[in-house]
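User: Hi, I have a structure to go through and I'm new to this. Can you walk me through it?

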Amino acid sequence: MSSTEQGTSSAAPAEPTTAPESAAAPEVPESFYYVHGKDKVVHKVSAGALQHSALIHGMISNLGYTEEQAKANPFPFENIDGDILQMVVDWCNQHKGKPTPPEDTNLPKQKEKLFDLVLAVNYLEIKELLTYCCKQVAMMVKGKSPEEIREIWMIPTDAEDEAAEKEAKKRAGKEAAGETAAAAGDAK
Amino acid sequence: MPISLLKFPTDLLREVFKLCDPFELYKLSKCSKRTQRFIMLGGTKNWKIYYTGGNSMIILVDCWYYNFMGTNNPEEHFETHHYGSIHLMHIECPNGNAVDLFVHLIDTFGIRFVKSFETMSDKFDNVSKVAQVFVDKNMEIVQFEIRNFDEVQDVANFMPIMKQMNITKRFSCHQKFPPNFQHQWIKYPKEIDIGESFWFTIDQLLNCTCVEIKLDKSSLNNHDLNVFLQKWKKTGEFPNLRSLKVRSENIDNQSPILEMIPPIVDVKNQRVSALIYNDFYIRMIDAVRVTKDDGTGGRLRVDVGDWPELNFLIANPADEDDNW
């Protein structure tokens, strides 16, 4: 895999952030992991930032990778667009080791990306960010009329739903007929 | 920028709908048959609704009140107003009729709980129809109050439907009943408060599972109340009971109740105030201590004269407060 190391962490290498500790406590170097999306662009992210994602946290918790091993084995998220993964990584970095506030002003503002962002955040199991995103989706229809809600959330009419259902049934029927014919051909 | 919401997986739709208020979900239900089904993902089945008659239906969600006001003026539909913790939206009133509006809302949201059902300002026919809906849909009614029925016979006619309703917390009725009225309880709520209770027999009292019982204009006499209290003294009897108040002209000073001839008071002016189940306060003064076989204490006071009345309180000592 040809990977271009970039993203928040690699563009501006993150210094390990350490919580204030007593003078006697030895400093533990922060570990980093690497993730990439559909665009194969690799993002370097600290374990602390990745803790927001229950999915990734579960994957890395017992790996014990060295820096080299982690770099050589980036986590692939082929179902997530590169720019969406970048937004998620940025959010995780901004909220590393911090309690998340009730209203998050760092939430990505691009409405056109919201749909993909919600799906990605849901997949990566980032609970707080998911709540913020869903709140933003819900707020889109605040005070709107049913006609406006239908437009904003692209809700098909009953006629469109019925047509889509008919089409799906037709397609399923064709597929079933094709499978039966193929099975008959195999039997011969 | 629009987003194709219905392409979200169900768990995500649930998250979004939980963050929508009842007005938005109602409007969403009007978008298509599919959205009508989906809105219940927002937890609407657990909402609580009030029925008090008229075209105003209140739904309680997380301490906020959402008033759906039926109107036949299409120009007002979906208009919203906000007054403190109360939010109001005008909606179409199906068939211009309050009962149909109520049924429309419980069907739209799949609501299973009625916070309060009051026969306050409604016709008897409407109340009967709504009660029948509760029975047919097996809905839980937290509180039910009968009042303002015009005819005595209406109350008597209504009680067989009431008997089938699943009332869980409180039933109260301060209406007159016909002299020959009789009633059999299938299930008792936690509290009953009956203003004209001559028909409430000692057998019913002996089988009553309530926490709080208030019987006014009762026909119970000293003998009945003695039988009741003797039964209470036995271990394991009336485990739920915390308060009994009986007003009856048949309470007198002619025979004993728990071996005491009324009036039964303790002149040491003992005051007791008790919080029952963190729900309601009962206060008593000059009550006599009585004890169950298992050691549980109760307070009893019986007055005779112009206002014969028995008051009985069983409170957890930790909930008692003598300094009120």
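User: What scores does the predictor give the complex?

Analyst: The complex gets an ipTM of 0.80 and a pTM of 0.82. Chain B has a mean pLDDT of 92. In chain B, 98% of the residues reach 70 or more.

User: Which elements of chain B have the lowest and the highest mean pLDDT?

Analyst: Strand β17 (residues 320–321) of chain B has the lowest, at 69. Helix α8 (residues 222–233) of chain B has the highest, at 98. Where pLDDT is low, the predicted coordinates should not be read in detail.

User: Okay, chain A. How many helices and strands?

Analyst: Chain A has nine helices and four strands. Along the sequence they run β-α-β-β-α-α-α-β-α-α-α-α-α.

User: How much of chain A is buried?

Analyst: Of its 188 residues, 37% are buried. Chain A exposes about 11,000 Å². Carbon and sulfur atoms supply 55% of that area.

User: And which domains does the assignment give chain A?

Analyst: Domain 1 takes in 5–10 + 29–150, and domain 2 takes in 156–187. Their centres, taken over C-alpha atoms, are 37 Å apart.

User: What does UniProt say about chain A?

Analyst: An unreviewed UniProt entry places "domain: SKP1 component POZ" at residues 38–96 of chain A. That span is 51% helix and 12% strand. Its end C-alpha atoms lie 24 Å apart.

User: Which part of chain B carries a UniProt annotation?

Analyst: Residues 2–50 of chain B carry "domain: F-box", again from an unreviewed UniProt entry. The span is 47% helix and 6% strand. Its end C-alpha atoms are 36 Å apart.

User: Back to chain A. Is helix α6 mostly covered or open?

Analyst: Helix α6 (residues 114–124) of chain A is mostly covered. Eight of its 11 residues are buried. Among them are A:Leu114, A:Phe115, A:Leu117 and A:Val118.

User: What do the buried residues of α6(A) pack against?

Analyst: Within chain A, they pack against α3 (54–60), α5 (82–94) and α7. They also pack against α1 (10–18) of chain B.

User: What comes just after α6(A)?

Analyst: A:Glu125 comes there, with a positive phi of about 55 degrees. Most residues other than glycine have a negative phi, and most peptide bonds are trans.

User: Which residues of chain B have a positive phi without being glycine?

Analyst: B:Asn95 is one, at about 55 degrees. B:Asn95 sits in the loop between β5 (86–92) and α4 (98–109) of chain B. With 67% relative accessibility, B:Asn95 is exposed. B:Asp286 is another, at about 60 degrees. B:Asp286 sits in the loop between β13 (280–285) and β14 (288–291) of chain B. With 18% relative accessibility, B:Asp286 is buried.

User: You mentioned trans peptide bonds. Where is a cis one?

Analyst: A cis peptide bond joins B:Pro262 and B:Pro263, with omega about 5 degrees. B:Pro263 is in the loop between β11 (243–248) and β12 (271–276) of chain B.

User: New topic. How many salt bridges are there over all chains?

Analyst: A search of the whole structure finds 17. Side chains of opposite charge can pair when their charged atoms come close.

User: Which salt bridge joins two chains?

Analyst: B:Glu24 and A:Lys142 form one such pair, at 3.7 Å from N to O. B:Glu24 lies in helix α2 (residues 22–29) of chain B, and A:Lys142 lies in the loop between α7 (127–139) and α8 (146–152) of chain A, so the pair joins two chains.

User: Are those two buried or exposed?

Analyst: B:Glu24 is buried, at 6% relative accessibility. A:Lys142 is partly exposed, at 42%.

User: And which salt bridges lie within chain B?

Analyst: B:Arg170 pairs with B:Asp193, and their closest N and O atoms are 3.1 Å apart. B:Arg170 is in strand β8 (residues 166–173) of chain B and B:Asp193 is in strand β9 (residues 191–194) of chain B, so the pair ties together parts that are 23 residues apart in sequence. B:Asp193 is buried, at 10% relative accessibility. Another is B:Arg301 with B:Asp303, at 2.9 Å between the closest N and O atoms. Both B:Arg301 and B:Asp303 are buried.

Note on methods
Residues are numbered from 1 along each chain as its sequence is written. Chains are lettered from A and ligands numbered from 1 in the order in which they are written. This is a predicted model: local features need pLDDT of at least 70, side-chain atom pairs count only at pLDDT 80 or more; totals for chains, interfaces and linings use all residues. Side-chain values use heavy atoms; hydrogens and water are left out. A salt bridge is a side-chain nitrogen of Lys or Arg within 4 Å of a carboxyl oxygen of Asp or Glu. Buried means under 20% relative accessible area, exposed over 50%, partly exposed in between (1.4 Å probe, protein chains only). Accessible areas come from the Shrake-Rupley method with a 1.4 Å probe; for residues, only the protein chains shown count as cover. Domain bounds come from an automatic or database domain assignment. UniProt positions are given in the numbering used here, feature names are shortened, and annotations may be inferred rather than shown by experiment. pLDDT is the predictor's confidence in each residue, from 0 to 100. Contact means heavy atoms within 4.5 Å.
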